[in-house]
Amino acid sequence: MDTPVRRNIVVSAVNLRKGGTLTVLRDCLQYLSGRGDLHVTAVVHNSSLCGVPGIDFIEIPWSAKSWLRRLWCEYVTLGRISGRLPETDLWLSLHDTTPRVKARSQAVYCHTTFPFMRTRPNDWKMDPKIAIFSLFTKYAYRWNSLRNRYLIVQQDWMRDAMSRLTGFEKDRIIVAPPAFRPVEIPESDPVAPYTFLYPSTPDAHKDFETFCEAARILECRVGHGKFKAIVTVAGTENRYARWLFEKWGSVQSVNFAGLMSRERLGQAYAEASCLVFPSRSESWGLPISEFMPTGKPMILADLPYAHETAAGAPSVAYFPLSDAEALAGVMQSALEGNTDCFAPVPPRSFNPPFASGWEGLFNLLLQ
């Protein structure tokens, strides 16, 4: 019996080296490694970061050393590589840009939501890379985008935003919510005093300042010792973290707890009374999904990503973006047991194309 011909897939991801995007790369390759009908080549920064057998790796470590090298890699080097590979049935770029390559079909996974975030003067001071990236990605998304058969996003609001930005038809933008490994949350009652938790990384767009200022305002209203506001920032990590600690480190109710392991984070979720998530820009907002199984209240920035990620949650209140006074008011309501501003978030359904998991996504990409 003849052996079935395997189709050739290339996954390019030279810029994915840490955090949630690296997890997306690993999960993608882990799924593909189990597909006997596919021959998979991955173009990456360093194959040791992936740890997936059954994949042919091409390493390009120099791409991450500067923006110019990244652009050269995307628009010159990858094209040359594609010319040396066997005929490619699908080229999937996992990081926002569309390389000019030889392939029967192309698709790009759009992680970055910065083009849809309004930058502030403080962004240029605290982390100019974010402000620059916000401007750059607007053009990166447009450049070559119509070469793709599909664009891939994680949420429905971004499908609409990407269609407006690129002119791409919405019926060729796939919504593919991320899969994630739940944090193990031990059974435990919230600890006293009432504890607000904001777990995230010390990046300028995460808007820790709004949470810290709201805690300062609330402390002035109700007094010290009535609540805790925990942030997963130590205050030493970068310029932004140092600024946060200098400005709010003296607020007695704010606890700069630093980065937490998954085990410690699970314990923090168990001990917390309420999650607060004021981030200005997210492709998903993973802590919202991780905290939801507790059934405890959440206070979220009134942004599209938060409404989608919290779909199905039993008790959510929203506050205007970066409004510390309004956030302090909602926190005070939660502290005093006033649930009038909290409500369930209805589950959502999505128009096609929609993919649940990597199998569903590749079934669409390869059809």
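Guide: Start with Phe 136, which touches Trp 67 and Leu 71, leaving aside residues up to four places away in sequence. Bear in mind that this is a predicted model.

Visitor: What makes Trp 67 and Leu 71 count as touching Phe 136?
Guide: The cut-off is heavy atoms within 4.5 Å. Trp 67 and Leu 71 are in contact with Phe 136 by that rule.

Visitor: Where is Phe 136 found?
Guide: In helix α4, residues 128-142.

Visitor: Now the whole chain. How do you know that its radius of gyration agrees with a compact globule?
Guide: Set the two values side by side. A compact globule of 367 residues would have a radius of gyration near 21 Å. The chain has 22 Å, so the value agrees. Along its principal axes, the C-alpha trace spans about 75 × 45 × 40 Å.

Visitor: How many helices and strands does the chain have?
Guide: There are 12 helices and 13 strands. Of the contacts with a separation of 6 or more, 63% are between residues 24 or more positions apart.

Visitor: What share of the residues is buried?
Guide: Buried residues are 53% of the 367. The accessible surface is about 16800 Å², and carbon and sulfur atoms hold 53% of that surface.

Visitor: On to charges. How many positive and negative side chains are there?
Guide: The chain has 40 positive and 36 negative side chains. The centres of the two sets are 8 Å apart. The whole structure holds 13 salt bridges.

Visitor: Why is the pair Asp 37 and Arg 35 called a salt bridge?
Guide: The limit is 4 Å between a side-chain nitrogen of Lys or Arg and a carboxyl oxygen of Asp or Glu. Asp 37 and Arg 35 have an N to O distance of 2.8 Å, so the pair qualifies.

Visitor: Are these two partners buried or partly exposed?
Guide: One of each. Arg 35 has 17% relative accessibility. Buried means under 20%, so Arg 35 is buried. Asp 37 has 35%, between the 20% and 50% limits, so Asp 37 is partly exposed.

Visitor: What makes Arg 120 and Asp 207 a salt bridge?
Guide: Their closest N and O atoms are 3.9 Å apart. That is within 4 Å, so the pair counts. This pair links distant parts of the chain, 87 residues apart. Arg 120 is in the loop between β5 (106-109) and α3 (121-126), while Asp 207 is in the loop between β8 (194-198) and α6 (208-222).

Visitor: What about Glu 213 and Arg 216?
Guide: Their closest N and O atoms are 2.7 Å apart, so they form a salt bridge under the 4 Å limit. They are three residues apart in helix α6, which means a separation of about one helical turn. Arg 216 is partly exposed at 34%. Elsewhere, salt bridges that share partners join Glu 87, Asp 89 and Arg 104 into one network.

Visitor: Why is Ser 250 called exposed?
Guide: Exposed means over 50%, and Ser 250 has 64%, so the label holds. Ser 250 is in the loop between α7 (239-248) and β10 (254-256). Its C-alpha atom is 40 Å from that of Pro 346, 96 residues away along the chain.

Visitor: Which peptide bond is cis?
Guide: The one from Pro 352 to Pro 353, with omega near 0 degrees. Pro 353 is in the loop between α11 (324-335) and α12 (357-365).

Visitor: What is the phi of Asp 207 and of Ser 322?
Guide: Asp 207 has a positive phi of about 60 degrees and is not a glycine. Ser 322 is not a glycine either, and its phi is positive at about 65 degrees. Ser 322 is in the loop between β13 (316-319) and α11.

Conventions:
Residues are numbered from 1 along each chain as its sequence is written. This is a predicted model: local features need pLDDT of at least 70, side-chain atom pairs count only at pLDDT 80 or more; totals for chains, interfaces and linings use all residues. Side-chain values use heavy atoms; hydrogens and water are left out. Helices (H or I, at least four residues) and strands (E, at least two) are DSSP runs, numbered from the N terminus. The radius of gyration is taken over C-alpha atoms; the globule rule is 2.2 Å times the number of residues to the power 0.38. Buried means under 20% relative accessible area, exposed over 50%, partly exposed in between (1.4 Å probe, protein chains only). Accessible areas come from the Shrake-Rupley method with a 1.4 Å probe; for residues, only the protein chains shown count as cover. Lys and Arg count as positive and Asp and Glu as negative; His and the chain ends are not counted. The place of a charge is taken as NZ of Lys, CZ of Arg, CG of Asp or CD of Glu.
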